[in-house]
Amino acid sequence: MATEDEQMATQLLRTGATVPEQQQALSWLADYCEESYILNLPPASKVLQALDRFSRRAQADPTLKRHSAKLYKQYKLR
């Protein structure tokens, strides 16, 4: 069974997802990354990969793509 963070990453990348569904998933993933940062834990690699893949999608909402790229850049491991 997938954890909630993996489910949201999958929802973000799902082909038939609507913009509101993608926005909800992206918002949840942003909160997840922030909580991980506060607890001094690295975010799951699947979450970071999903954010990166979504930001590179050609047929995604431009606003959501920018937000995803910003989150990826902010929380990626250095």
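Predicted model: local features only at pLDDT ≥ 70, side-chain atom pairs only at ≥ 80, totals over all residues.

In which kind of crossing does H2 pass H4, left-handed or right-handed?

Tutor: The crossing of H2 past H4 is left-handed. The term left-handed means that the near helix is turned anticlockwise from the far one by less than a right angle; clockwise would be right-handed. The contact uses Val19, Gln22, Gln23, Leu26, Ala30, Cys33, Glu34 and Tyr37 on the H2 side. On the H4 side it uses Leu64, His67, Ser68, Leu71 and Tyr75. Contact here means heavy atoms within 4.5 Å.

First, some ground rules. Residues are numbered from 1 along each chain as its sequence is written, and side-chain values use heavy atoms, with hydrogens and water left out. The protein chain has a mean pLDDT of 92, and 96% of its residues reach 70 or more. Helix H4 (residues 62-75) has a mean of 96. Helices are DSSP runs of H or I, at least four residues, numbered from the N terminus.

Now the geometry. Two packed helices are described by the angle between their axes and the distance between the axes. The axes of H2 and H4 come within 11 Å and cross at roughly 15°. Axes are lines fitted to C-alpha atoms over the stretch in contact, and angles run from 0 to 180 degrees between N-to-C directions. H2 and H4 are therefore roughly parallel. Angles under 35 degrees count as roughly parallel, over 145 as roughly antiparallel, 65 to 115 as roughly perpendicular and the rest as oblique.

Look next at the rings. Trp28 and Tyr32 sit 4 residues apart in helix H2 (residues 19-38), so about one helical turn separates them. The rings of Tyr37 and Tyr75 have centres 6.2 Å apart and planes at 65°, so this pair is edge-to-face. Rings of Phe, Tyr and Trp (its six-membered ring) pair if their centres lie within 6.5 Å; planes under 30 degrees apart are stacked, over 60 edge-to-face, the rest tilted. Tyr37 lies in H2 and Tyr75 in H4, so the pair ties together parts 38 residues apart in sequence. Tyr37 is exposed, at 59% relative accessibility, whereas Tyr75 is buried, at 8%. Buried means under 20% relative accessible area, exposed over 50%, partly exposed in between (1.4 Å probe, protein chains only).

Key
pLDDT = per-residue confidence, 0-100. Helix = DSSP H or I, 4+ residues; strand = E, 2+ residues; numbered from the N terminus.
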